[in-house]
Amino acid sequence: MSTLDLRRDARRDALAPLDLGDVSAADLASARSNWRERMVSEHASARVFGELVGGMMRAGLPADETHRVAEMVRQELDHARLCAKVLVAIGVEPVAELPELAYVPSHEDATSPLEAVLRNVISIGCCSETVAVALVATERELAGPRSLRRVLDQILSDEIKHSRFGWRLVSRLAPSLSVGERASLDAYLVDAFAHQVRFHAPFLDMPCAGEAGLAVGAPHGRSNWLVFMATMEDIVIPGLERCGLSAREAWREVAGVDRAA
Amino acid sequence: MTTHESTRRSEARAKGLRLAAKIATCGGLAMAALGLAEARAAGASSTPTHAVASDDAKALSLEGFKPSVGNCGCTPCWGPPAPPAKTRRSARSARPARSARRRGAR
């Protein structure tokens with residue numbers, strides 16, 4: 001376990017302290033916890049994009065796309081710095097424990113380097129980042145202080161690039177997959193979707209902040225869960241089906257398993 | 001929780017979903033996805049009192065998706081999962097066997 005300390009970064013172009021007068025103690029604690037976790041999460045997600053670069057090279061994908069992914073590494077690190085500035089503005093030191101981080105899978109069991117990288121592109125770009133766009137855009141609508149909206153605008157504009165990258169690659173490359181590659185990728189969708197559900201299910205146990213709390217970034221767990229489910233069912237699944245993948249069948253399997261559990 | 005707050009959240013969600021739909025989709029599918037997001041928004045804003053109840057009810061109705069084990073949401077888990085070892089199927093025809101295994105595992 002190491003420590004992520006972004007105090008120096010937060011001091012550069014620091015945000016003015018936010019007016020927290022209307023925010024309840026519980027919502028303020030929730031907002032502080034949310035921004036701290038987001039700082040760590042954004043920082044750690046940089047490594048996921050870093051690993052993606054290698055997979056893209058192995059699959060022989062276009063150099064300009066690989067270059068864009070390398071830029072995404074920097075963007076995620078920048079998001080962590082932005083979160084650090086918000087933390088200071090709501091009265092918290094931007095210091096947190098950085099947990100031991102899992103390795104990003106290289107999918108050696110995949111049928112080809114292309115299928116291997118598409119597994120990660122779908123999981124990251126089409127699923128995680130598309131959900132992130134919907135969640136951050138929702139949060140941005142409810143944000144109060146102008147400085148906070150600017151931070152969320154910056155994060156959102158990058159998440160849009162990350163999501164668009166995923167859909168661009170999958171829509172271009174999926175049609176050229178062999179029957180075997182497609183079958184293997186379809187099978188992976190069950191794992192990818194189950195992971196999405198597991199990752200986002202804690203929303204259901206989160207508190208639901210009031211309007212003043214939402215304005216400074218306290219979460220509303222049930223609302224976030226609705227955003228997640230709607231994004232998966234109305235956007236991600238139909239989008240992957242459009243690319244020729246059996247996403248609906250995979251989602252049904254995940255839903256059936258979890259509802260039966 | 002007030003009706004006003006619930007309506008604001010519904011409208012904010014609709015905007016978020018609309019943006020995600022624009023990015024994720026192309027051609028005719030985009031219109032379908034946008035239509036879904038807009039339908040949700042219209043339903044929430046035209047019947048705000050009902051929306052208060054449906055907001056919670058909808059979330060609860062979707063709780064069935066919540067895994068009984070393995071919830072995370074933690075930082076190290078953001079990213080693609082590795083498939084379970086030695087259980088990869090080589091074709092979709094193997095789906096029933098996989099389903100049974102997964103149900104048993106939980």
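## Leu19(B) and its contacts

Outside the four places on either side in sequence, Leu19(B) is in contact with Val133(A) and Ala137(A), contact being C-beta atoms, placed from the backbone, within 7 Å. Leu19(B) lies in helix α1 (residues 3-24) of chain B; helices are DSSP runs of H or I with at least four residues, numbered from the N terminus. With 23 C-beta neighbours inside 10 Å, Leu19(B) counts as buried (20 or more other C-beta atoms within 10 Å of its own).

## Basis of the model

The model is predicted: local features need pLDDT of at least 70, side-chain atom pairs count only at pLDDT 80 or more, and totals for chains, interfaces and linings use all residues. Residues are numbered from 1 along each chain as its sequence is written, and chains are lettered from A and ligands numbered from 1 in the order in which they are written.

## Packing of α3(A) and α5(A)

Helix α3 (residues 63-89) and helix α5 (residues 146-173) of chain A pack at an angle of about 155°, their axes 10 Å apart. Axes are lines fitted to C-alpha atoms over the stretch in contact, and angles run from 0 to 180 degrees between N-to-C directions. α3(A) and α5(A) are therefore roughly antiparallel (angles over 145 degrees).

The residues in this contact include Met72(A) and His79(A) of α3(A), and Ile155(A), His162(A) and Leu169(A) of α5(A).

## Gly125(A)

Gly125(A) belongs to helix α4 (residues 113-142) of chain A and is buried, with 26 other C-beta atoms within 10 Å. Beyond four places in sequence, its contacts are His162(A), Ser163(A), Phe165(A), Gly166(A) and Trp167(A). Gly125(A) and Leu169(A) are 44 residues apart in sequence and 9.2 Å apart in space, C-alpha to C-alpha.

Note on methods
Helices (H or I, at least four residues) and strands (E, at least two) are DSSP runs, numbered from the N terminus. Angles under 35 degrees count as roughly parallel, over 145 as roughly antiparallel, 65 to 115 as roughly perpendicular and the rest as oblique. Two residues are in contact if their C-beta atoms, placed from the backbone, lie within 7 Å. A residue is buried if 20 or more other C-beta atoms lie within 10 Å of its own, exposed if 12 or fewer, and partly exposed in between; C-beta atoms are placed from the backbone.
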